[in-house]
Amino acid sequence: MATLNYPAWGYGLRYKYGLFKQRITKDGQEEVAEDWLELGNPWEIERNDVSYPVKFYGKIVPGSDGKSHWIGGEDIKAVAYDIPIPGYKTKTTINLRLWSTMVPSEDFDLSAFNAGDHTKAAEALTNAEKICYILYPGDESVEGKVLRLKQQYTLCSASLQDIIARFEKRSGANVNWEEFPEKVAVQMNDTHPTLCIPELIRILIDLKGLSWKEAWNITQRTVAYTNHTVLPEALEKWSFELMQKLLPRHMEIIEMIDEELVHTIVSEYGTADPDLLEKRLKETRILENVDLPATFADLFVKTKESTDVVPDDELENCDEEGGPVDEELESAQEDGVLEEESTDVVPDDELENCDEEGGPVDEELESEQEDDVLEEEKEAEAVQEPPQLVRMANLCVVGSHAVNGVAEIHSEIVTNEVFNEFYKLWPEKFQNKTNGVTPRRWIRFCNPDLSSILTSWLGTEDWVTNTGKLAELRKFADNEDLQSQFRAAKRNNKMKVVSFIKEKTGYSVSPDAMFDIQVKRIHEYKRQLMNILGIVYRYKKMKEMSAVERKAKFVPRVCIFGGKAFATYVQAKRIVKFITDVGATVNHDPEIGDLLKVIFVPDYNVSVAELLIPASELSQHISTAGMEASGTSNMKFAMNGCILIGTLDGANVEIRQEVGEENFFLFGARAHEIAGLRKERSEGK
């Protein structure tokens, strides 16, 4: 954005630790803390003059001024750290502002500390500081969930207070809130900053004195939402109870937004078809498993209670509930009952040791079953209510004026499936913005050899900021000088990776083998498992052949994997272990030698990517079609002259259009076929 001269700001949290450092041992992946700030950060500027209060818990009391006052609870302070982001060959430098959390000094309990209770004295400080300890803390536990929600609210609250303070400063004495959406655009990156919506409303109503109608209108015109995933587990849902406790005022506001939405849907579709209306509300409401707002409480009651009156003379042909009898069904059901009643005949003398159905008795089991029956009866009394949840993605769509997916196929799935009911209601809200990556880092910086070739053949370095210029290389594509320069650059990059692999894993690989790379988060839908099973199959086929046959049939190949499995994602961690175990077998097989090597590069990150991507010859982007929103490494590989093998998923679709079908290895089922295939498999076909 800086390079394009946009007046933009980025906001985030200043984490002390990253996700984790990945170590690969004989047991697979191990996680250790990744200390991002251990050596300090020379680019950041601490801004002690810029800080904002952030509140959790507490209660809401109505004031004499008619406004709601959020009081009590736990107060922390978010302090700004600024990182300047200079554009490429432009004077524009924009700001990335990261928040660090602490408490005001008066919250340090000096008397407790002097009395020797050091832990209690620093309790408030520890609670505040741990908000910025770690990126994506595990949220299986209640404590983990509270921490995540605190992180999200801290980011939203501090950032919006800052945005508003700067808007007021620019406006001077005459602040016109109607102008706010003309001057400020807030883009929510996925559902993590959803609380921007109720927080902006809270500030406008409770602190700036606007009416609900004005605040809701300004918020919708200011905020927009980028959806990054169609995976249901990533479309965040928070416990209603937890949010009510941690952010009581925001829950009041969310309930009001939910009521606005119900009102919109009812007035848009009417009440003529109550079943359809109920289905629409179920899909679109922000609050899941929560009763309808009081104003709509009797919406479905009447329709359900009224029954048709049937004249007496027709009653004899009705079933018990007053519906017409389906005689064929009734007779079939009676046959079913008769069949169930007939049992095998057992001789009398064996009967005493048999259960009711004539099978031999297992007395221990019988007594257990009786206990089970009692337990089941108890459970039936306490029927589990479904959990009350707040659906953040729905709140994002309702509170925004624009919603985008991040690749053409993903945006289609967003409108046709994920948010289809909203799309029918507000088609004008939905659009596509295909993701991108910067050619400054992903060609110019990480691949200097290729960059100098591009510049010399194009006669200019303008391609760095105008990638369209690269199309001019087409006319030289068959030039042997260009081809040999390109090959030399690729080999040079591969030599760097050969040394890197030796240093990090101890394995020696040949630079003359094809480098076949799959680097990305380890996840079932990304299908690293399928890749490694394919490699096992290749290995088994090789082992069945003679040395001469093998050499004739197979191109030497180094299969490189890299990526982190989330610490609590058991299946992904098993896949990592499987890959490293296959590597240990294949790489030590003298018969196979350099024909096949399997490498798992530990602790994959941007710096590792900058080495691997320029050296790649084939890269794998083989997610189940319809599940990868975009993917961006596919773009980085393509930029570095690497051929892709991939499914028609995410940005692969658009890359294939751009590079030409003959330069893309297409693989696998299409997105629209997946549901049918899953169904067939679940039915055992």
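Tutor: Helix α6 is followed by Gly209, and the phi of Gly209 is positive, near 80 degrees. Keep in mind that this is a predicted model.

Student: How long is α6, and what span is expected for it?

Tutor: Helix α6 covers residues 196–207, which is 12 residues. From its first C-alpha to its last it reaches 15 Å. The expected span is 16 Å at 1.5 Å a residue, and the computed value is close to that.

Student: What makes α6 largely enclosed by the rest of the structure?

Tutor: Count its buried residues. Of the 12 residues of α6, 11 are buried, so the helix is largely enclosed. Among them are Cys196, Ile197, Pro198 and Leu200. Glu199, Arg202 and Asp206 are on the list of buried residues too.

Student: Why is Cys396 called buried?

Tutor: Buried means under 20% relative accessible area. Cys396 has 0%, so it is buried.

Student: What about Cys642: buried or exposed?

Tutor: The cut-off is under 20% for buried. Cys642 has 7% relative accessibility, so it counts as buried.

Student: How many disulfides does the rule give?

Tutor: The count is zero.

Student: Why is Met635 called buried?

Tutor: Its relative accessible area is 12%, and the limit is under 20%, so Met635 is buried. Met635 sits in helix α26, residues 633–639.

Student: What does Met635 contact beyond its neighbours within four places in sequence?

Tutor: Met635 is in contact with Asn435, Gly436, Val437, Ser630, Ala651 and Ile655. Met635 and Trp442 are 193 residues apart along the chain, and their C-alpha atoms are separated by 9.1 Å.

Student: Where is Ser619, and in which strand?

Tutor: Ser619 belongs to strand β19, residues 618–621. It has 0% relative accessibility, so Ser619 counts as buried. Leaving out residues up to four places away, Ser619 touches Ile517, Phe637, Cys642, Ile643, Leu644 and Ile645.

Student: How many cavities of 30 Å³ or more are found?

Tutor: Two, in a search of the whole structure.

Student: What makes a space a cavity rather than a pocket?

Tutor: In a cavity, a 1.4 Å probe fits but cannot get out, whereas a pocket is open.

Student: Which classes of residue line the largest cavity?

Tutor: Its lining has one nonpolar, six polar and four charged residues. Lys520, Lys526, Glu628 and Asp649 are among the lining residues. Ile622 is another.

Student: What lines the second largest cavity?

Tutor: Asn447, Leu450, Phe486, Ala489, Lys490, Asn493, Pro614 and Asn640. By class, that is four nonpolar, three polar and one charged. Helix α21, residues 480–505, gives the largest share, four residues.

Student: How much of the chain is buried?

Tutor: Buried residues make up 42% of the 685 residues. The chain has 28 helices and 21 strands.

Student: What share of the contacts between residues at least 6 apart joins residues at least 24 apart?

Tutor: The share is 69%.

Notes
Residues numbered from 1 in each chain as written. Predicted model: local features only at pLDDT ≥ 70, side-chain atom pairs only at ≥ 80, totals over all residues. Heavy atoms only, no water. 1 Å grid on protein atoms, 1.4 Å probe; cavity = no way out; pocket = protein on both sides within 12 Å on 5 of 7 lines; lining within 4 Å. Points joined across faces, edges and corners; volume = space filled by probe spheres on them. Nonpolar A, V, L, I, M, F, W, Y, C, P; charged D, E, K, R; others polar. Helix = DSSP H or I, 4+ residues; strand = E, 2+ residues; numbered from the N terminus. Expected span 1.5 Å × (residues − 1). Buried < 20%, exposed > 50% of the residue type's maximum accessible area, 1.4 Å probe, protein only. Disulfide = S-S within 2.5 Å. Contact = heavy atoms within 4.5 Å.
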